[in-house]
Amino acid sequence: MELQQGRRSSQHRCARSGDTLHAGLVVTLLIGVWYAQALEVTTGKVHFVEVLNGSSVLLPCTYSSCIGIKNLYFNWQFKDNGTMVKLCEATITSEGVEPRVMIYHMRVEFVGSSKQNNISILLHNVTFEDQGEYICFARNYKEKDRNHSATYTLYVVEELKVVDNTLTLIIVSVLGGVIGLIILIMVIKAVVQTVLSKVQEKNKECLVSSTGNDNTENGLPASKADSKPTPKA
């Protein structure tokens with residue numbers, strides 16, 4: 001009896017452990033699906049830019065979501081010596097509806113469009129004080145107001161660095177010359193082989209013709225030049 005009770009207890013524990021594991025896998029899968037559908041905010045493949053003092057610069061930012069958007073709130077902020085300064089903000093009520101953007105900086109211009117999922121801004125007349133990190137922030141109501149952001153770094157310089165491409169040009173020129181030389185050698189080789197083949201064929205024809213002429217001069221037909229008379233018994 002005690003042995004049977006022990007077996008039942010062990011089976012019960014295994015069943016509970018299996019149920020717990022199954023529930024954990026389901027939860028993990030649901031979380032993975034949820035994150036796959038979550039809002040994504042990006043400033044592009046390159047997260048920094050170098051611009052001239054006094055010029056204008058585009059600060060790019062786009063968003064995407066597999067489940068769509070509703071009351072998508074976004075803003076741009078500048079990290080000024082550890083203090084976050086808000087540059088602009090707006091709410092996109094639904095997909096394709098252009099937002100009414102509130103601008104808090106006189107040199108900032110909103111150039112995005114909800115039709116392209118674009119919330120980029122343009123910063124005019126850049127100064128050295130504008131150098132630093134710019135954060136594009138977004139929050140989608142459909143995702144229970146989860147926060148998303150991407151950072152874009154701005155570097156302001158007096159003059160842009162001139163890249164010396166001399167070494168690159170030399171390497172490209174050398175490679176081009178080597179490739180051209182290889183192609184020329186292959187062409188010459190093909191021409192020589194063709195000429196030699198034709199010369200060999202012509203020599204064979206001349207040899208056959210010369211043999212026929214020699215036999216004819218000796219009073220033998222060319223077709224029987226090499227034949228010997230059969231000795232009589």
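**Strand 5 and its two partners**

I would like to begin with strand 5, residues 72-80, where seven of the nine residues are buried, so the strand is largely enclosed by the rest of the structure. Buried here means under 20% relative accessible area, with a 1.4 Å probe and protein chains only, while strands are DSSP runs of E with at least two residues, and helices are runs of H or I with at least four, each numbered from the N terminus.

Please keep in mind that this is a predicted model, in which local features need pLDDT of at least 70 and side-chain atom pairs count only at pLDDT 80 or more, whereas totals for chains, interfaces and linings use all residues. Residues are numbered from 1 along each chain as its sequence is written, and side-chain values use heavy atoms, with hydrogens and water left out.

Which strands pair with strand 5? On one hand there is strand 6, residues 83-92, which runs antiparallel to strand 5 over nine bridges, where pairing requires that DSSP finds at least two bridges between the strands. Asp80 has Thr83 of strand 6 as its bridge partner, and the two strands form a hairpin with two residues between them, where Asn81 in the turn has a positive phi of about 55°. On the other hand there is strand 10, residues 132-140, again antiparallel to strand 5, over seven bridges, with Tyr134 as the bridge partner of Phe78.

Stepping back to the protein chain, we find two helices and eleven strands, and 24% of its 233 residues count as buried.

Methods: Buried means under 20% relative accessible area, exposed over 50%, partly exposed in between (1.4 Å probe, protein chains only).
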